[in-house]
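Have a look at the structure first, then read on.

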Amino acid sequence: DPFEALGDPQRRAILSLLSDEPRAVGQLADALPITRPAVSFHLRLLRDAGLVEEERSGTRRIYRIRPEGLDAVARYLEGVWGDAVTRFRLLAENTQSDR
């Protein structure tokens, strides 16, 4: 579930770093206050949620944002936000003023 994956601040920090450029686990661990094993754990959850993808480069794995995963989250949020705005507008238009 992408939303469960996004619920953790360390995973959001990883995504933020990956939005700048693809990175290896060690590079992410150097930029975060957590260990390499913890970074690997979070990356696995992000990958399972479809938000990041990995590519082998020699003995390293390079992680990058998976645009399709984030696009799906954005479409969902835009739909929810759009529905909320529409309901608010209808309520506002149909509410009489006390003036």
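**Strands, helices and a core**

E1 and E3 pair up in the antiparallel sense, with two bridges between them. Keep in mind that this is a predicted model.

**The sheet**
- Three strands make an open sheet in the order E1-E3-E2, and the pairing is antiparallel.
- Strand E1 (23-24) and strand E2 (52-57) sit at the edges with a single partner strand each, so one side of each has no neighbour in the sheet.
- To spot one of the bridges, find Arg 23, whose partner in E3 is Tyr 63.
- H2 lies across E1, E2 and E3, and runs at about 90 degrees to E3.

**Two crossing helices**
- The axes of H2 and H4 come within 10 Å and cross at roughly 80 degrees.
- An angle from 65 to 115 degrees counts as roughly perpendicular, so that's how H2 and H4 are placed relative to each other.
- On the H2 side, the contact is made by Gln 10, Arg 11, Ile 14, Leu 15 and Leu 18.
- H4 brings Val 39, Phe 41, His 42, Leu 43, Leu 45 and Leu 46 to that contact.
- Sorted by class, the contact has eight nonpolar, two polar and one charged residues.

**The nonpolar core**
- The largest nonpolar core has 19 residues, and those touching the most other members are Ile 14, Leu 18, Leu 28, Val 39, Leu 43, Leu 46 and Leu 51.
- Helix H2 (9-20), helix H3 (25-31), helix H4 (36-48) and strand E3 (60-65) each give two or more residues to this core.
- H2 gives the most, with four residues.
- Leaving aside residues up to four places away in sequence, Leu 28 touches Ile 14, Leu 17, Leu 18, Arg 23, Val 39 and Leu 43.

Terms used:
Residues numbered from 1 in each chain as written. Predicted model: local features only at pLDDT ≥ 70, side-chain atom pairs only at ≥ 80, totals over all residues. Heavy atoms only, no water. Core = buried A, V, L, I, M, F, W, Y, C linked by side-chain atoms within 4.5 Å. Buried < 20%, exposed > 50% of the residue type's maximum accessible area, 1.4 Å probe, protein only. Contact = heavy atoms within 4.5 Å. Axes fitted to C-alpha atoms, helices over the stretch in contact; angles between N-to-C directions. Parallel < 35°, antiparallel > 145°, perpendicular 65-115°, else oblique. Nonpolar A, V, L, I, M, F, W, Y, C, P; charged D, E, K, R; others polar. Pairing = 2+ DSSP bridges.
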